[in-house]
Amino acid sequence: MGLGGCIILIAAGAILTFATDWHMKGVNLDLVGIILMIVGLIGVTTFSSIARRRRVMVPPTTPVVEEERHHHRDGYSDGYGV
């Protein structure tokens with residue numbers, strides 16, 4: 001489950017807990033909403049810790065050399081004015 005799924009779980013749990021006044025026989029919707037929010041928070045923390053480990057930067061093994069190119073366009077240095 002990705003980060004979006006975790007956020008959807010948190011939102012659905014908050015809606016069930018705080019925004020509804022339905023009463024179902026044998027089902028406590030407030031408890032179901034709290035459970036969904038807890039599962040969503042656990043998913044977010046797990047996802048963020050895994051994503052943080054994936055973003056570890058490894059320094060390059062070979063040095064990076066940047067070339068400087070001088071573009072001098074006077075008509076003679078490009079080979080056409082000889």
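Me: Could we look closely at Ile-7: is Ile-7 buried, partly exposed or exposed, and in which helix is the place of Ile-7?

Reply: In this predicted model, Ile-7 has a relative accessible area of 47%, and because burial means a value under 20% while exposure means one over 50%, Ile-7 counts as partly exposed. Ile-7 also belongs to a nonpolar patch on the surface, which it forms with Leu-3 and Phe-47, and together these residues have about 250 Å² of accessible area.

The place of Ile-7 is in helix H1, which runs over residues 3-19. H1 has 17 residues, and the distance from its first C-alpha to its last is 23 Å, close to the 24 Å expected at 1.5 Å a residue. The buried residues in H1 are Cys-6, Leu-9, Gly-13, Leu-16 and Thr-17; they cover an arc of only 95 degrees around the axis, so they lie on the same side of H1. Turned away from that buried side is a face of H1 that carries Ile-8, Phe-18 and Ala-19, which are exposed.

The accessible surface of the chain comes to about 7,400 Å², with 64% of it belonging to carbon and sulfur atoms. Finally, among the contacts between residues at least 6 apart in sequence, 52% join residues that are at least 24 apart.

Definitions and conventions: Residues numbered from 1 in each chain as written. Predicted model: local features only at pLDDT ≥ 70, side-chain atom pairs only at ≥ 80, totals over all residues. Heavy atoms only, no water. Patch = residues over 30% accessible without salt bridge, like charges linked within 9 Å, V, L, I, M, F, W, Y side chains within 5 Å. Areas by Shrake-Rupley, 256 points an atom, 1.4 Å probe, with all protein chains shown as cover. Salt bridge = Lys/Arg side-chain N within 4 Å of Asp/Glu carboxyl O. Helix = DSSP H or I, 4+ residues; strand = E, 2+ residues; numbered from the N terminus. Buried < 20%, exposed > 50% of the residue type's maximum accessible area, 1.4 Å probe, protein only. Expected span 1.5 Å × (residues − 1). Arc of directions from axis to C-beta. Contact = heavy atoms within 4.5 Å.
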